[in-house]
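Subject: Structure handover

Hello,

Here is the structure for you to look through. My notes come after it.

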Amino acid sequence: MRVGYALGSVATGSFGTVPGLLLLPYLTDTLGIAAGAAGAIVLLPKALDVLLNPVAGRISDHHQSPLGPRRPFLLRGGLGLAICFALLFAAPDLGSKTLNAAWVLIAFLACATSYAFFQVPYVAMPAEITDDYAERTRLMSWRVAFLTLAILVSGGASPAIRDAIGGRDGYRVMGLTVAVLLALGTIGAYVGTRRAPIGRPQQTTGTLRDQLRLVARVPDFRWLLITLMLQALAIGSMLAGIDYLARYVLRDPGAATIGFVCVVGPALLVSPLWLAFGQRFGKRTGFLAASGVLGVGALALSTAQHVPTWFVYVAIGIVGIGFTGAQVFPLAMLPDVAAVDSARSGVRRAGVFTGVWTAGETLGLALGPGLYAVVLALGGYVSSTDRSAVQPGSALTAIVLGLSLVPAVLIALSFISLTRYRLTADEVLEAR
């Protein structure tokens, strides 16, 4: 069952990685759309999920099915996402920047909507699959292992496929390839969780607004959510900058693929180490340690214009080590918060918690590329339809700062909120 559930991360990892990595460069360097406008196109569909995700959670909380309240949404949302993602990069040349931008915007809106109805039920499932404190961490470790593998495959292969074919055809083939990964992850999670427990048949009460108000009053959830959003914003900005760093600073388009290997390769090894660290010292302490490693890696990247390429790869590897832990621990802490709240209130709100959680994460990841686009625009980045534009020195500096110093500051701010999280293992065990 752990493996079956974790297969869903093939879909979440692929969709969480590839648009953040390649959609902004596709808009600025293939369609020739100005950085500021491109950032808005990347941001707006994901911002919609801030409203949609809690609704998806509420709907799945109420859904009655022999398959459980969550699983039917996995299949519908995931397959819809695969189809829409293939269309995202499949636009014909419409002869106008405005029409090309409109195609991307509409397709990305459809992707975001489908993803909401896959991701929210998927992330809500662990709180109902098990009520064991340690088992949730193990379940999340499997999920993060598959998530890491999905990032490696999708994030590493996507730029390579694009560059091997070239031009818009390269993006089209890449989009179709990732759509296949999304479909495989969806079907794997749907089939793999067919024997998973579906939790007690409790029902939520009150309107969605009432539920959101109650969730907001849970302090541990509130501080965890703020931490998540700050770090998602940092990760989104770093992810958006990888392709620009490879092309204009390292002057090697293939470096984007190498960079992803440097992120994910160490992560495959350190995920069990983070699990052991959390079991010994606690989830919050583990999250703090992982966040510190992530921040150190981001700061090290600020030297990218002045150090050998190998040092840049080492810095990216440090980012990967921290990123792995920063995924394992909050994903294990969220079900704890939802389970404790359910035990204390007698009301099932896992879907609402998860809807708000994924909305915050999605917003952070969407704002990341938007923030990076603002940094590019302030640096005077020159958009082009054939990637031949010569970038001024200020743009090169912006490329580096947008994926290093800016994320490091955001990660530092996240420590303030994370230290306010107080839920302990004893409280979780008492709520069982």
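Below is what was found, from the whole chain down to single residues.

This is a predicted model: local features need pLDDT of at least 70, side-chain atom pairs count only at pLDDT 80 or more, and totals for chains, interfaces and linings use all residues. Residues are numbered from 1 along each chain as its sequence is written, and side-chain values use heavy atoms, with hydrogens and water left out.

**Overall**

The chain has 17 helices and 0 strands. Both are DSSP runs numbered from the N terminus (helices: H or I, at least four residues; strands: E, at least two). Of the 432 residues, 59% count as buried. Buried means under 20% relative accessible area, exposed over 50%, and partly exposed in between (1.4 Å probe, protein chains only). Take contacts between residues at least 6 apart in sequence: 84% of them join residues at least 24 apart. A contact means heavy atoms within 4.5 Å.

**Surface**

The chain exposes about 15800 Å², and carbon and sulfur atoms supply 69% of that. Areas come from the Shrake-Rupley method with a 1.4 Å probe; for residues, only the protein chains shown count as cover. A nonpolar surface patch is formed by Leu-299, Leu-401, Leu-405, Val-409, Leu-413 and Ile-416, with about 500 Å² of accessible area together. Patches take residues with over 30% relative accessible area and no salt bridge; like charges are joined within 9 Å, nonpolar side chains (Val, Leu, Ile, Met, Phe, Trp, Tyr) within 5 Å. Helix H16 (residues 405-418) gives the most to the nonpolar patch, with 4 residues. Leu-413 is in helix H16. Its relative accessible area is 42%, so Leu-413 is partly exposed.

**Salt bridges**

The whole structure holds 6 salt bridges. The criterion is a side-chain nitrogen of Lys or Arg within 4 Å of a carboxyl oxygen of Asp or Glu.

- Arg-168 and Asp-93 meet at 3.6 Å, N to O. Arg-168 lies in helix H8 (residues 167-192) and Asp-93 in the loop between H4 (71-88) and H5 (97-124), so the bridge ties together parts 75 residues apart in sequence. Arg-168 is buried at 17%, whereas Asp-93 is exposed at 58%.
- Arg-162 and Asp-243 have their closest N and O atoms 3.0 Å apart. Arg-162 is in helix H7 (residues 133-165) and Asp-243 in helix H10, so this pair ties together parts 81 residues apart in sequence. Arg-162 is buried at 2%. Asp-243 is buried, with a relative accessible area of 2%.
- Lys-283 and Asp-336 meet at 2.7 Å, N to O. The pair links helix H12 (residues 283-301) to helix H13 (residues 309-345), 53 residues apart. Lys-283 is buried at 5%, and Asp-336 is buried at 2%.

Shared partners join Arg-162, Asp-163, Asp-243 and Arg-247 into one network of salt bridges.

**Aromatics**

There are 15 aromatic pairs. Rings of Phe, Tyr and Trp (its six-membered ring) pair if their centres lie within 6.5 Å; planes under 30 degrees apart are stacked, over 60 edge-to-face, the rest tilted. Tyr-244 and Tyr-381 have ring centres 5.4 Å apart and planes at 85 degrees, so they are edge-to-face. They link distant parts of the chain: Tyr-244 is in helix H10 (residues 219-249), Tyr-381 in the loop between H14 (350-378) and H15 (393-402), 137 residues apart. Tyr-244 is buried at 1%. Tyr-381 is buried at 9%.

Phe-277 and Phe-281 form a tilted pair, 4.7 Å centre to centre, with 45 degrees between the planes. They sit 4 residues apart in helix H11 (residues 255-281), about one helical turn.

Trp-223 has Arg-222 over its face, 5.7 Å from the ring centre. The charged end of Arg-420 also sits over the ring of Trp-223, 5.0 Å from its centre. The test is NZ of Lys or CZ of Arg within 6 Å of the ring centre and within 35 degrees of the ring normal.

**Two more residues**

Thr-227 is in helix H10 and is buried at 0%. Beyond its neighbours within four places in sequence, Thr-227 contacts Phe-287, Ser-414, Ser-417 and Leu-418.

Arg-251 has a positive phi of about 55 degrees although it is not a glycine. Most residues other than glycine have a negative phi. Arg-251 is in the loop between H10 and H11 and is exposed at 64%.

Best wishes
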